[in-house]
Every structure is written in C-alpha cells, then in structure tokens.
Amino acid sequence: MNTTLKHWKEAATLILAAGRGRGFTPRAPLTGESSSGQSHLPHRSLFDYDVLLLKRSGKSGFMPNAYVFPGGVVDASDFSSEWLDIFRSFTNSPTFGLRSVKQHLETRPPIFATDRLKLGSPIPGEVALRICALRETFEESGVLLVAPKIEEKKMLKNIKDFGYIEHYGVNDLCSSELTKWRALVNQNPSNFIRMCRELQVLPNIWALHEWGNWLTPASRYGTTRFDTAFFICCLQEIPHSYKMIRKLSWSTPSEILQSYQAQELWIAPPQFYELSRLCRFPLLNDLHNFASQRATAGCEQWMPVVVSNDEHHISLLPGDKLYPVDSPRDSEAAKNTVPPSKDHQDASPLHRIVISDRYTLRVQITITPKYNHVLPVAHSAVSHDSKSQF
C-alpha cells in the first residue's frame, strides 16, 4: 500500500454482475434514440443479470446509508510477500498471469502505475488491488471468488497457449466454512491469506477486469478521500447461499436507477454513472465480452471537480471544456473553479454530471470515451412526482 499519499486512501471496488439463471428470454431489443435524440434506459425486463449493491451503515463517516458496490480500503496484507507462496506457480508470469495492459505507463493512473517494489512490496499493484476487491467483497457480502489450486496446471497452460487466464464463475463452499472464514477475515484482513492457504484456493484475480479509477472530490463527502480502482466481474448466476443476506441488493441496473430516482435508495454519482454505462449491455454475455476485451486498453483517472451555479451543482469530469488543464488530484484550488456558463448549446466538449438535488442527476457528455470505453446511457432526470419510464 502507498503510505506516501497525503490526501488519499487507496481502495478497490468490484462491480459484480450475476446471471438470473437459465430460461431467461429478453422481450424486446434495447431501446435506441428517441426522436429528441435522448437515449432511454432499457426496460428492466431486458436484463438477464443483476448487479450487487450493499447498504452502508448509517453510522458510517463516509456516505452513510448509501448503496455502493462492494469494496474498501487497501490493507497492508493485500501487498504481503506471503502471497508469493500462494501464487508460487504464477510468479514467473508477468503480473501473475493477468493480461498486459496496452496503455502507456506515463498515462496510467498512479494507482496502477506506482512501482510497488520501491514501496517495499513484491506484489504488483494490479494483483494487490484485485486481492483487496475480492477480500472486501467476501467480508461485506460473503461472496467468495476463488479458484481451486488443483486447477493450477490448467490455468498455467492457458497462460502458455493464450497469454492469459479466463475464469467465469464462482466456487461455492459449504455455508459453515464461509461463515467461519468471513468472521475471521473481518477480524483481521491477513486471515484472507491464511484462508487461501488452508483451503488450497487462489483469489480469482483473473475474473476481475479493470474498469476505471474514481477519486473522491475535494470536500464533497467530508475529509476522507479515496483513490479507488474499479473492477468488474461477471458470474453465470447468483450463488444461492448469498441471496438472502441482509443489506444486500441484487437488482438490474435500470431497477437500481429507478429506485434511486424514486428516492427509495441513494447512490453516489460514480455509481449512477457506472450503472448508466451498464445499461448499454442488457445481456450478461455482451457485458462480459466487452469488459474482458476492453480491459487491456487501460483506463483514465477521474477526479470530479464540483462547481456550482445558481441552479445546480456540476461535477466536471476529464475532457469537459471547463475541467482544469493541470491535474486537480492534489490541488485544493479545484474547489474554487469558476462556475460554468449556462450556455450548453455550443459545440464545446462536455463531460459532466449535473446535480439538481440529491436524487436528480443527469449526465451531459459529447466527448468520445478514451481507452475503448462506453458512454453511459443518457436519460432525462425524472421528477419526483412522476413515474419513471424504463
């Protein structure tokens, strides 16, 4: 972990999508552009998968009661040299068999580009951040993504033949074992290493695909600020034993957005943005294929710069005409950016989230996403006294 950071805590989160089971048949194609040029979200019935969200504690100092993707702060144990023994068969492969990212190192977000060996850890950042996301997902939800060590030979052969490992599933352990180890890992994150050793399993880092990198805006959610690596993983189905855990929500992206707009739950702007992206893919196989292929392109570091005018808060994102030219990552001056013009009709590049109130957001974007990423499905903000049309 990077203890040299002044304003940030490194973290990792996992967008976990799981199929709804066999027999699903979509009723209609994805809705396209309307006559006004405004895209519509696909109806919830089109999705053959759900996304996992967890409700944060009301006592939390950071976004209390928010629904979030599972994840959390990096622990020193995620970078422990003990993982070299767990992944012994893979240490001769670059980044333990993960596919190489084509993005030039100088343009990589610091959370991925940092030389961890210089910080005292032999574990590559791409590996440790995935371990963190998997550990936190297990701690918070009980969902354990691991690969049996007995499959090592097959996995190594895939690296030799194809250059990477592709795992597309979850391993179920008996509920008593899961309960025991989940409690131990919650007590001490280093017990995740012990669990993998004793159960003869590997954290399934190969099932996680790089998706993005969000940084907490200055003074937006208190003094705590996170530099968070976003990963995505697609499972063929929701593990049965996890369906009834309290404070877990498995819902389609459009259902989550509808519940948010109806003020039934609250999600932060990054979740709103990413769920709107997922609405481009009502079918799990399409999402999995896109995420898997796109991940090797890399990603962009996004730190929203929040400004205000008379009517809205506006969260500027990289590429917007008013986004600071110099990186605002460690600059408190970003808080004082001149409010944007009300004239949005020109051809200047826009990449922003317009926040009318806590439950009313809309994305304005005219730029082309970098690194082969996909645009969010843009949609009009839904008023609180009307019904959302999905």
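**Entry 1: pairing**

Two strands count as paired if DSSP finds at least two bridges between them. I kept that cut-off in mind for β12 and β13. Four bridges join these two strands, so they pass as a pair. They run antiparallel. I was working on a predicted model throughout.

I looked up one facing pair here. Ser315 stands opposite Ile353 in β13.

As a reminder to myself, strands of a sheet pair through backbone hydrogen bonds, either parallel or antiparallel.

**Entry 2: the whole sheet**

Next I asked in what order the strands of the open sheet stand. I found four strands in the order β11-β12-β13-β14, with antiparallel pairing. Which strands stand at the edges? They are β11, residues 305-308, and β14, residues 360-365. Each has a single partner strand, so one side of each is left without a neighbour in the sheet. I also noted the twist, which averages 25° from one strand to the next.

**Entry 3: the other pairs**

I went to β11 and its partner β12, residues 313-316. These two pair in the antiparallel sense over four bridges. Ser308 stands opposite His313 in β12.

Then I turned to β13 and β14. How many bridges do they pair over? I noted six, again in the antiparallel sense. Val354 has Arg362 in β14 as its bridge partner. The two strands form a hairpin, and two residues lie between them.

**Entry 4: what covers the sheet**

I checked how covered β13 is. Five of its seven residues are buried, so I wrote it down as mostly covered.

I picked Arg277, which lies in α8, residues 269-278. Is Arg277 buried or exposed? Its relative accessibility is 4%. Buried means under 20%, so Arg277 counts as buried.

What does the side chain of Arg277 join by a polar contact? I found the side chain of His373, at 3.5 Å. I also listed the residues that Arg277 touches, leaving out those up to four places away in sequence. Among them are Trp211 and Trp302. His373 is on that list too, and so are Val374, Leu375, Pro376 and Val377.

**Entry 5: recap**

I have the strand order β11-β12-β13-β14.

Methods:
Residues are numbered from 1 along each chain as its sequence is written. This is a predicted model: local features need pLDDT of at least 70, side-chain atom pairs count only at pLDDT 80 or more; totals for chains, interfaces and linings use all residues. Side-chain values use heavy atoms; hydrogens and water are left out. Buried means under 20% relative accessible area, exposed over 50%, partly exposed in between (1.4 Å probe, protein chains only). A polar contact is a pair of N or O atoms within 3.5 Å; within protein, one must be able to donate a hydrogen and the other to accept it, and residues adjacent in sequence count only if both atoms are side-chain atoms. Contact means heavy atoms within 4.5 Å. Axes are lines fitted to C-alpha atoms, for helices over the stretch in contact, and angles run from 0 to 180 degrees between N-to-C directions.
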